Amino acid sequence: MSQTQIQLDFNGRKITLVGTAHVSKESVEEVTETIKNIQPDCVAVELDEKRADSIKNPSRYSQLDLVKVLKKKQGFLLLANIMLSSYQRRMGLNAGVKPGDEMIAAMNAAEENNIRCTLVDRPIQITLKRAWGKNSFWGKCKLLATLISSAFSKEEVDPEEIEKLKQRNEMDSMMDELSDYMPVIKKVLIDERDQYLASKIWESEGNNIVAVLGAGHLPGVQAYLEKLGAGQASSNVAELEVLPKPGIFGKILAVLIPACIIGLIIAGFVYGGVHAGTQILSTWFLWNAIPAAILTAVAFGHPLAILVGFVGAPFTSLCPFIGIGFCTAIVQAIVCKPKVSDMENLQEDVSSLKGFYRNRILRTLLVFILSSLGSTLGTFIGGADIIGILQNLK
């Protein structure tokens with residue numbers, strides 16, 4: 001038995017786990033041969049419906065409705081997806097394979113041999129939202145830094161190094177490092193998905209199942225399957241599909257900050273008269289408007305998007321339900337509508353700063369992020385400036 005395979009027997013019900021590296025040519029061959037040799041009742045693959053569609057349909061971005069994505073408040077999720085896909089794509093270049101080729105091979109082998117195929121992974125949107133929502137502010141910063149560094153990394157990975165990722169000692173070392181650096185991310189991306197994958201594999205139909213999954217999931221999935229087999233755990237994963245609700249502190253802060261700013265502006269008019277009140281109002285307006293407009297311009301936003309950032313930021317910063325980034329990005333997407341070439345070159349362009357400015361989709365997302373950052377900075381600096389003006393009135 002290969003080190004990348006584990007065979008489990010539960011009173012005659014056999015489950016074979018095949019661990020892969022997602023950009024490994026050897027994994028593609030191993031998956032195909034294993035399915036043909038075992039001829040299982042069911043093949044379970046580590047994919048959800050959207051990811052399966054994306055790797056089978058490379059032109060999926062040509063159907064992307066950017067405005068719709070922004071309206072659903074999924075701009076950051078889209079960017080994270082693009083960055084992760086781009087990183088895996090670059091890893092596979094030297095190996096001559098594309099990310100997910102071994103999963104396609106599993107699905108193709110199942111189809112060729114008339115075997116049922118089932119998708120057993122949790123939807124990527126839920127995983128990313130749980131990873132983001134469960135993280136602390138510092139954890140979110142580290143996650144963003146990791147995504148950005150991976151997107152712009154020029155490191156080339158040797159095919160032999162990729163194959164080492166399937167070895168247990170190499171994988172254990174990587175998991176330990178991830179757990180130390182970002183424990184919440186490790187819990188959501190690895191531990192929770194181990195439970196989810198194991199539960200869905202367990203619920204798959206048939207008495208002879210081959211499950212194809214990343215090598216990093218082998219130990220966790222095996223452990224949870226053994227618990228399920230012993231009746232020590234439940235295969236109900238409803239709890240793992242629930243999106244974390246915003247913390248009460250975050251909700252209070254989202255309402256409290258605008259309320260305090262409005263209170264300070266009113267106090268300026270009450271205690272300092274029209275002159276002081278007008279000064280405070282203009283201070284607030286300019287501190288929000290200027291950074292939002294400047295950073296929108298830094299993102300090479302359209303002049304109309306810059307204008308929207310300038311005029312809208314002072315008002316959206318006082319509203320907890322809508323941010324200026326949403327407004328500027330919508331305008332940018334409408335005025336500078338992405339072309340087919342932008343969609344086709346998305347994963348390649350995301351790996352360089354020049355690509356972000358050249359690609360209209362990425363530039364729109366950059367407008368979204370930078371204008372939001374500008375307004376946030378303006379809120380805190382403007383608030384502090386207003387307090388200073390009020391103190392001078394005493």
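Start by selecting strand 2 (residues 13-20) together with strand 5 (residues 208-214): the two pair in the parallel sense over 7 bridges. Strands pair here if DSSP finds at least two bridges between them. Helices (H or I, at least four residues) and strands (E, at least two) are DSSP runs, numbered from the N terminus. The model is predicted, so local features need pLDDT of at least 70 and side-chain atom pairs count only at pLDDT 80 or more, while totals for chains, interfaces and linings use all residues. Residues are numbered from 1 along each chain as its sequence is written, and side-chain values use heavy atoms, with hydrogens and water left out.

**Strand 5 and its partners**

Zoom in on Gly19, which stands opposite Leu213 in strand 5. Cys42 has Ile209 of strand 5 as its bridge partner. Is strand 5 mostly covered or open? It is mostly covered, with 7 of its 7 residues buried. Buried means under 20% relative accessible area, exposed over 50%, and partly exposed in between (1.4 Å probe, protein chains only).

**Aromatic pairs**

Now show the aromatic side chains. Rings of Phe, Tyr and Trp (its six-membered ring) pair if their centres lie within 6.5 Å; planes under 30 degrees apart count as stacked, over 60 as edge-to-face and the rest as tilted. By this rule there are 4 aromatic pairs. Select Phe10 and Trp202: their ring centres are 5.2 Å apart and their planes stand at 85 degrees, so the pair is edge-to-face. Phe10 belongs to strand 1 (residues 5-10) and Trp202 to helix 10 (residues 183-203), so that the pair links parts of the chain 192 residues apart. Phe10 counts as buried because its relative accessibility is 16%, and Trp202, at 24%, counts as partly exposed.

Go on to Phe285 and Phe315, an edge-to-face pair because the ring centres lie 6.4 Å apart with the planes at 80 degrees. Phe285 is in helix 12 (residues 248-298) and Phe315 in helix 13 (residues 303-316), so the pair ties together parts that are 30 residues apart in sequence. Phe285 is partly exposed, with a relative accessible area of 26%; Phe315 is exposed at 55% relative accessibility.

Return to Trp202 and show Arg13, which lies over the face of the Trp202 ring at 5.3 Å from its centre. A charge sits over a ring if NZ of Lys or CZ of Arg is within 6 Å of the ring centre and within 35 degrees of the ring normal.

**Helix 11**

Select helix 11 (residues 218-229). Which of its residues are buried? They are Leu218, Val221, Tyr224, Leu225 and Leu228. Seen down the axis of helix 11, these buried residues fall within an arc of 140 degrees (taken from the directions from the helix axis to the C-beta atoms), so they line one face of the helix. Strand 1, strand 2, helix 10 and strand 5 are among what covers them. Just after helix 11, Gly231 takes a positive phi of about 75 degrees.

**The whole chain**

Zoom out to finish. The protein chain has 18 helices and 5 strands, and buried residues make up 47% of its 394 residues.

Conventions: Contact = heavy atoms within 4.5 Å.
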